[in-house]
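Have the sequence and the coordinates open while you read.

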Amino acid sequence: MIKQFKPTWMIPAIYNVTPAQLRARGIKAVFADLDNTLIAWNNPDGTPELKKWMHGLQDAGIPLVVVSNNSEPRIAKALEKLDLPFVSRALKPLPLGIGKARKQLGLRREEVVMVGDQYITDMWASHLAGVRSILVRPLVTTDAWNTRINRFFERFIKVRLAHLYPEMHFQEELK
Ligand SMILES: [Mg+2]
């Protein structure tokens, strides 16, 4: 059960992941959670690092698609300045949103990666969708109430994972 939450990679921030690292692992598209992965509630326009990273992916021809549990109006508003395609109401941890984004691009499971900051939504959904995953550190540590409940359970998951996979830790890049 606990291995359903195990990320493929753990990287402190998504900006560390370069197009070359993705290509070397056969990854042709990146799916990303929105809140606390790409943008923080207190900085909805995104940081200069995010924009630089997004341009790098764009130049490399690697699509970036937001897969979020939020509603369409909320995501559309959040992404106003970033201009990214998205799947709303993804119902993570169900795999539906990831599957939808993947089929829209016509890619196989091994050709996409899902990035997110939560074990219970993002990592579990990746596992159920059969795609590789990258766990990032949340951009800010103050969460919405529903996320705080998840964080409570995540503490148990983290402890169990650390026990089962002592070799797992945050790395500076995809290895
Ligand atoms: Mg999140």
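## Surface and overall build

The protein exposes about 9300 Å², and carbon and sulfur atoms supply 57% of that area; accessible areas come from the Shrake-Rupley method with a 1.4 Å probe, and for residues only the protein chains shown count as cover. Keep in mind that this is a predicted model, where local features need pLDDT of at least 70, side-chain atom pairs count only at pLDDT 80 or more, and totals for chains, interfaces and linings use all residues. Residues are numbered from 1 along each chain as its sequence is written, and side-chain values use heavy atoms, with hydrogens and water left out.

There are 6 helices and 6 strands in the protein, helices (H or I, at least four residues) and strands (E, at least two) being DSSP runs numbered from the N terminus. Along the sequence they follow the pattern β-α-β-α-β-α-β-α-β-α-β-α. The radius of gyration is 15 Å, close to the 16 Å that the globule rule gives for 175 residues, so the protein is as compact as a globular protein of that length. That radius is taken over C-alpha atoms, and the rule is 2.2 Å times the number of residues to the power 0.38. The C-alpha atoms fill a box of roughly 40 × 35 × 30 Å, taken along the principal axes.

Of the 175 residues, 46% count as buried; buried means under 20% relative accessible area, exposed over 50%, and partly exposed in between (1.4 Å probe, protein chains only). Among contacts (heavy atoms within 4.5 Å) between residues at least 6 apart in sequence, 70% join residues at least 24 apart.

In what order do the strands of the open sheet come? The order is E1-E6-E5-E2-E3-E4, with parallel pairing across the 6 strands; two strands pair if DSSP finds at least two bridges between them. Strands E1 (9-10) and E4 (86-87) stand at the edges with a single partner strand each, so one side of each is left without a neighbour in the sheet.

E1 and E6 run parallel and are joined by 2 bridges, while E5 and E6 (residues 132-135) pair in the parallel sense over 4 bridges. Ile-134 in E6 is the bridge partner of Trp-9, and Val-115 stands opposite Ile-134 too. Gly-116 stands opposite Leu-135 in E6.

H5 packs on this sheet, touching E1, E5 and E6, and its direction makes about 155 degrees with that of E6. Axes here are lines fitted to C-alpha atoms, for helices over the stretch in contact, and angles run from 0 to 180 degrees between N-to-C directions. Of the 11 residues of H5, 8 are buried, so the helix is largely enclosed by the rest of the structure. Among them are Tyr-119, Ile-120, Met-123 and Ala-129. Just after H5, Gly-130 takes a positive phi of about 75 degrees.

## The magnesium site

Which protein atoms hold donor positions around the magnesium ion? They belong to Asp-33 (OD), Asp-35 (O) and Asp-117 (OD), lying 2.1 to 2.3 Å from the ion. Donors are N, O and S atoms within 2.8 Å of the metal (3.2 Å for Na, K and Ca), and water is not among the atoms, so sites may look incomplete. Along the chain the donors follow the spacing D-x1-D-x81-D. Asp-33, in the loop between E2 (29-32) and H2 (48-59), and Asp-117, in the loop between E5 (112-116) and H5 (119-129), are 84 residues apart and link distant parts of the chain.

Here is how some loop residues compare in accessibility:

| Residue | Relative accessible area | Class |
|---|---|---|
| Asp-33 | 7% | buried |
| Asp-117 | 4% | buried |
| Ser-68 | 2% | buried |
| Asn-36 | 6% | buried |
| Arg-89 | 54% | exposed |

## Loops worth a look

Asn-36 sits in the loop between E2 and H2 and has a positive phi of about 75 degrees although it is not a glycine. Arg-89, in the loop between E4 and H4, is another non-glycine residue with a positive phi, near 45 degrees. Pro-93 lies in the loop between E4 and H4 (96-105), and a cis peptide bond joins Lys-92 to Pro-93, with omega about 15 degrees.

Ser-68 is found in the loop between E3 (64-67) and H3 (72-78). Leaving aside neighbours within four places in sequence, Ser-68 is in contact with residues including Leu-34, Ile-75, Arg-89 and Lys-92.
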